[in-house]
Amino acid sequence: MSWKKPFKKIAASLALAVGFSSGAVSASAEELGYPEKEELTFGFIKLTDMAPIAVAYEKGFFEDEGLYVTIEAQANWKVLLDGVIDGRLDGAHMLAGQPIAATMGFGTKADIITPFSMDLNGNGITVSNTIWEQMKPNIPKMDDGRPVHPIKADALKPVVEKYKADGKPFNMGMVFPVSTHNYELRYWLAAGGIHPGYYAPHKGDTSGQIDADALLSVTPPPQMPATLEAGTIYGYCVGEPWNQQAVFKDIGVPVVTDYEIWKDNPEKVFGITKEFAEKYPNTTVRITRALIRAAMWLDENNNANRPEAVKILSQSNYVGADYDVIANSMTGTFEYEKGDKREVPDFNVFFRYNATYPYYSDAIWYLTQMRRWGQISEDKPDEWYKELASKVYRPDIYEAAAKSLIAEKLAKPEQFPDFATEDGFRNPQTHFIDGIVYNGQKPNEYIEKFSIGLKSGQKL
């Protein structure tokens, strides 16, 4: 690109960031500098929560930053991660657990960071029609005959026990070993007394099926409905639109959303290498600005822009599912059993509730689940969790982007955390399906609360 798009000046008093290698925002520039790299390629998986990237492109927010972006769908999460690591992709829509696991060295070892959390909620757990019919007698009913929600895994437990007694494996799908979906499915199952199995990487066992009542394995998101229909799996945890697709195809029933498992849980992040952020600091802040603006647009005026967003996402170059399938969850409703559509206004949250801020406590929650299920083989002190979280989640970059938007009057201070006092830890979170409270400041204390899972001193 031989020409540069003129940028709006940022207030001189802002003195914004260049250089993140120290992990702190340095006040050294009177304005945000030109992007050091203008032409960028971003990867994504065909899920509705990639929306901030599509919207930033389609509404011109990337171009406003002097960024000329190509967006490419990826075959699966591993291909996507490898693309970011090897530089084929400059950044990508990632599972929240991917940058954490890569930095830790579980799977591929690489220093991946995130300056931007892409959304809250957005997943569901679906079972086949056959399993649903076996679960239904175990579920309380409302006066109109519909099931009482949230549906707990207690209703599935007798079904799983019968399969075990008959010598049949009870197979379920999730999208990646360090995915939110894996941990949410495990959380839901374990809360209902169903053991989802352990990992033992120190023994070379990464199946995650040691001692399992339900056997979880990887299936790429767009292939979930077909795999369910084929009978290879009896249920799955995936993001939209692949739960609603099961309803539309009449092959399965979504029984619970992740909003009901953990209200307002962090879902995807935007991942880049640490090297990219250090080499291209202005570009990194500008990418983050564009994504923040896209998230704001997605949630503004009580989701008034969602129908337009659904139209964008339904394009074949993005998610490529039918408009009606995507709209079923993106516009504030969710359909469970066919015809049982309920209001779930926060099924997809892109900006409100500080959804885009990269909280250390969000990263630590995923680490607690990695330890609980054996992906982290041995005990770690609380400080280890906090230190790793601060390497991966980068609120300093986010803050630089947000402050520059405020200075330009493209956003208001009250739309963000109070940066003067924010420590990166959410208040203890109480809205879990099993009633257990999560305090990110005390990860080991949290791990001890679960009846199923590894405890202090335990190693497989």
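This is a predicted model: local features need pLDDT of at least 70, side-chain atom pairs count only at pLDDT 80 or more; totals for chains, interfaces and linings use all residues.
Helix α12 covers residues 281–303, and helix α13 covers residues 306–313. Their axes come within 9 Å and cross at roughly 145°. On the α12 side the contact is made by W297, L298, D299 and N303, and on the α13 side by R306, P307, E308 and A309. Sorted by class, the contact of α12 with α13 has four nonpolar residues, one polar residue and three charged residues.

Helix α13 also packs against helix α14, which comprises residues 323–330. Here the axes are 9 Å apart and the angle is about 140°. Angles over 145 degrees would count as roughly antiparallel and those from 65 to 115 as roughly perpendicular; α13 and α14 are therefore oblique to each other. The crossing in which α13 passes α14 is right-handed. In α13, the residues R306, P307, A309, V310, K311 and L313 take part, and they meet Y323, I326, A327 and M330 in α14. This contact of α13 with α14 has eight nonpolar and two charged residues, with no polar ones.

R306, P307 and A309 of α13 belong to the contact with α12, and these residues also meet α14.

## The pair α15 and α16

Helix α15 runs over residues 360–372 and helix α16 over residues 382–392. The two axes cross at roughly 125° and come within 9 Å. The helices are therefore oblique to each other, and α15 passes α16 in a right-handed crossing. From α15, the residues in the contact are Y360, A363, I364, L367, T368 and R371; from α16, they are W384, Y385, K386, L388, A389 and S390. By class, the contact of α15 with α16 comprises eight nonpolar, two polar and two charged residues.

## W365, a buried residue of α15

W365 is located in helix α15. Its relative accessibility is 1%, so W365 counts as buried, the cut-off for this class being under 20%.

Leaving aside neighbours within four places in sequence, the residues in contact with W365 are Y183, Y187, W262, F432, Y438 and Y446. For one of these, Y438, the separation from W365 is 73 residues in sequence, while the C-alpha to C-alpha distance is 8.0 Å.

Helix α17 consists of 13 residues, 395–407.

The buried residues are P395, D396, I397, Y398, E399, A400, A401, A402, S404 and L405. Among the elements that cover them are strand β4 (112–117) and the helices α11 (274–279), α12 and α15. Just after α17, K409 takes a positive phi of about 65°.

N303 is not a glycine, yet it has a positive phi of about 65°. This residue is placed in helix α12 and takes part in the contact with α13. With a relative accessibility of 13%, N303 counts as buried.

N354, which is likewise not a glycine, has a positive phi of about 55°. N354 is found in the loop between β16 (348–349) and α15. Its relative accessible area is 24%, so N354 is partly exposed.

The peptide bond from H149 to P150 is in the cis form, with omega near 0°. P150 belongs to the loop between α5 (129–135) and α6 (157–165).

A cis peptide bond also joins E240 to P241, where omega is near 15°. P241 is situated in the loop between β11 (235–239) and α9 (242–248).

Notes
Residues are numbered from 1 along each chain as its sequence is written. Side-chain values use heavy atoms; hydrogens and water are left out. Axes are lines fitted to C-alpha atoms, for helices over the stretch in contact, and angles run from 0 to 180 degrees between N-to-C directions. Helices (H or I, at least four residues) and strands (E, at least two) are DSSP runs, numbered from the N terminus. Angles under 35 degrees count as roughly parallel, over 145 as roughly antiparallel, 65 to 115 as roughly perpendicular and the rest as oblique. A crossing is left-handed if the near helix is turned anticlockwise from the far one by less than a right angle, and right-handed if clockwise. Contact means heavy atoms within 4.5 Å. Ala, Val, Leu, Ile, Met, Phe, Trp, Tyr, Cys and Pro count as nonpolar, Asp, Glu, Lys and Arg as charged, and the others, Gly among them, as polar. The expected span of a helix is 1.5 Å times one less than its number of residues. Buried means under 20% relative accessible area, exposed over 50%, partly exposed in between (1.4 Å probe, protein chains only).
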